[in-house]
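Please open the model in a viewer and keep the sequence panel at hand.

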Amino acid sequence: MPVQIDIPAAFAMGQLMAVVGRKSLKTGEPSIRNRFLLWTNWYMSLILCPAGFFLLVGWPAWETMYQWAWIENPQFHSLVALFYILFLMVIVILGNVGFLMSYWLIRHNKDTLAKVIVALSLLSVVAPLLIDIKAPFFIGTYQQYHTGKASLIFGSSFFFSFFAIMLFWAIGSVVFIKKVYFEDKAKQQQAAK
């Protein structure tokens, strides 16, 4: 989940939360919009930010797909440390922007367009892998990668850490999406009574 993937993923996941709760969002009740937006913010803060930040702190060169050498040394470098903080802020902001954009489309009866944009956004999450198709499969520093001394991820301790954090992300994503889905469904059943 490199930085270049985390950023569009935040936007896509915000959109997805709105699309999953679209039936209730159509009613325009501010409490529902705020409740689903609250779940979106909890998701960004408790699931997506920690997953990305874990990888950025532990393996900064890999997390940036070996594009920037400066990312590896935040200690005593204010601008690099600021990048780490801005990374977290951008995830939360883009998650909100994605949610609010889809909410606006849903309120204007453009559900199909909202779904298409979510699908395109989810596809755009994998697009950064095309920058350097082999980068995700190697672990090391910027210099090690660019001099051919990086190791394959499968034979390193990174693989187990990556697997664990991706499992955390996947389970957290399912839990939050199901939460919005079931709240939306309950609201529809309540309205039908």
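The stops below begin with the overall fold and end at one residue.

**Whole chain.** Select the protein chain, bearing in mind that this is a predicted model.

**Packing and contacts.** Colour the 193 residues by relative accessibility; 42% of them count as buried. Then display contacts with a sequence separation of 6 or more: 77% of these join residues 24 or more positions apart.

**Surface and charge.** The protein chain exposes about 10200 Å², of which carbon and sulfur atoms supply 70%. Select the charged side chains, 15 positive and 8 negative. The centres of the two sets are 11 Å apart.

**Nonpolar patch.** Which residues make the nonpolar surface patch of about 700 Å²? Select L79, L82, I85, L86, M89, V90, I93 and V97, which together make this patch.

**Helix α5 and M89.** Now select residues 78–107, which form helix α5 and include M89. Centre the view on M89, one of the residues of the nonpolar patch. Why does M89 count as partly exposed? Its relative accessibility is 43%, and the partly exposed class lies between the buried limit of under 20% and the exposed limit of over 50%; M89 is therefore assigned to that class.

How values were computed
Residues are numbered from 1 along each chain as its sequence is written. This is a predicted model: local features need pLDDT of at least 70, side-chain atom pairs count only at pLDDT 80 or more; totals for chains, interfaces and linings use all residues. Side-chain values use heavy atoms; hydrogens and water are left out. Patches are made of residues with over 30% relative accessible area and no salt bridge: like charges are joined within 9 Å, nonpolar side chains (Val, Leu, Ile, Met, Phe, Trp, Tyr) within 5 Å. Accessible areas come from the Shrake-Rupley method with a 1.4 Å probe; for residues, only the protein chains shown count as cover. A salt bridge is a side-chain nitrogen of Lys or Arg within 4 Å of a carboxyl oxygen of Asp or Glu. Helices (H or I, at least four residues) and strands (E, at least two) are DSSP runs, numbered from the N terminus. Buried means under 20% relative accessible area, exposed over 50%, partly exposed in between (1.4 Å probe, protein chains only). Contact means heavy atoms within 4.5 Å. Lys and Arg count as positive and Asp and Glu as negative; His and the chain ends are not counted. The place of a charge is taken as NZ of Lys, CZ of Arg, CG of Asp or CD of Glu.
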